[in-house]
Structure formats: structure tokens, C-alpha cells
Amino acid sequence: MLFFRGINSVSIDTKGRMAIPKKYRESISDASDNQLVATIDLHSPCLLIYTLDEWEIIERKLMSLPNVDPQTRLYQRLLLGHASEMEIDSQGRVLLPSLLREHAKIDKPAILLGQGNKFELWSQEAWDSSRPEMLGTAMSNEISESLASLSL
């Protein structure tokens, strides 16, 4: 299983292409033959980027949910409907679909954030404005039950 970690400054060129950092390229190639899938995040102004094999697991889980539930249908519609396949080219770049870039307001400077089984792609501006709030929330809130046993 791939595990993406760390924060990377990336640049989006005028055609909407982003170079995948070199340290991830070989493992992405091995895991999913240079195939990635991007979709929107429903809770933050960013995109979620998965290897194709990891996305297919999520896709199957989403499709196995009962679509008579309106919230399930909404999540299926938004996550699956926005899912776009991307291939890493010979120069290590992917073309980010314009509708996804527009949704997350991603322009030239961007942040690629490793999140274990996926990346989050943020515009530099959204990241810079959201990060202090996230840090403040994390420091001021009580620890949830699921985090209580975590020792750092």
C-alpha cells in the first residue's frame, strides 16, 4: 500500500499541468501504472487525488451504499460525478481538469499535501488562509475518543 506524507509546493502551468514530485512517481507508477483520479473534497476547498487502484476501492464502497438515501445519492453524485482520471506523462506531469481547478480555485502556486492513501491539492491562498484556523481548532478542542489513544 502506498503512503503519501509531507507537504510539497507545486506549480500549475498555464495549461493546467502539475508536476508530481519525483519522490512519489515511481511508487505511483508501480501501484497504478501512472493513473491517478482527482475529485472534489466536500468539506474543504481542495481536490482529492488518489491512485487509480485506491480510488476504485472507494468507488466500490460508494456504489455499494443504498442510493435510496438522499445523502448517499448526493455524495455519489458529487464525488463520482467529479472524479476525473489523469495519467502521469513522460515528464511526470498530470493535466488537472479545468472544472476541478476552478472548483478549488487552484492557480499557479499550490500545495500538495500527503494524506496517507491520497493527496490533497490546495491553492496556496486557500492553504495559507485555512492552516492557521485548522491549527487553532486542533489546539483548542478537546481530544475526541478516537484520538485519545494516539501518542505522539
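**View 1. Lys105 lies in the loop between helix H4 (98-103) and S7.** Helices (H or I, at least four residues) and strands (E, at least two) are DSSP runs, numbered from the N terminus. The model is predicted: local features need pLDDT of at least 70 and side-chain atom pairs count only at pLDDT 80 or more, whereas totals for chains, interfaces and linings use all residues. Residues are numbered from 1 along each chain as its sequence is written, and side-chain values use heavy atoms, with hydrogens and water left out. Although not a glycine, Lys105 has a positive phi of about 50 degrees. Most residues other than glycine have a negative phi. With a relative accessible area of 65%, Lys105 is exposed (buried means under 20% relative accessible area, exposed over 50%, partly exposed in between; 1.4 Å probe, protein chains only).

**View 2. Asp33 occupies the loop between H1 and S3.** Asp33 is not a glycine, yet its phi is positive, at about 50 degrees. The relative accessible area of Asp33 is 56%, and the residue is therefore exposed.

**View 3. The largest nonpolar core comprises 24 residues.** Such a core is a set of buried Ala, Val, Leu, Ile, Met, Phe, Trp, Tyr and Cys residues joined through side-chain atoms within 4.5 Å. Met18, Ile28, Ile49 and Leu121 have the most contacts inside this core. Two or more residues each are given to this core by helix H1 (22-32) and by strands S3 (35-40), S4 (46-51), S7 (109-114) and S8 (119-123). S3 supplies the largest share, three residues.

**View 4. The surroundings of Leu121 are shown, with neighbours within four places in sequence left aside.** Leu121 is in contact (heavy atoms within 4.5 Å) with Val10, Met18, Cys46, Leu47 and Ile49, among others. Further contacts of Leu121 include Leu96, Ile106, Ala110, Ile111 and Leu112.

View 5. From the N terminus on, the elements run β-β-α-β-β-α-α-β-β-α-β-β-α. Buried residues make up 39% of the 152 residues. Of the contacts between residues at least 6 apart in sequence, 60% join residues at least 24 apart. The C-alpha trace spans about 45 × 40 × 30 Å along its principal axes.
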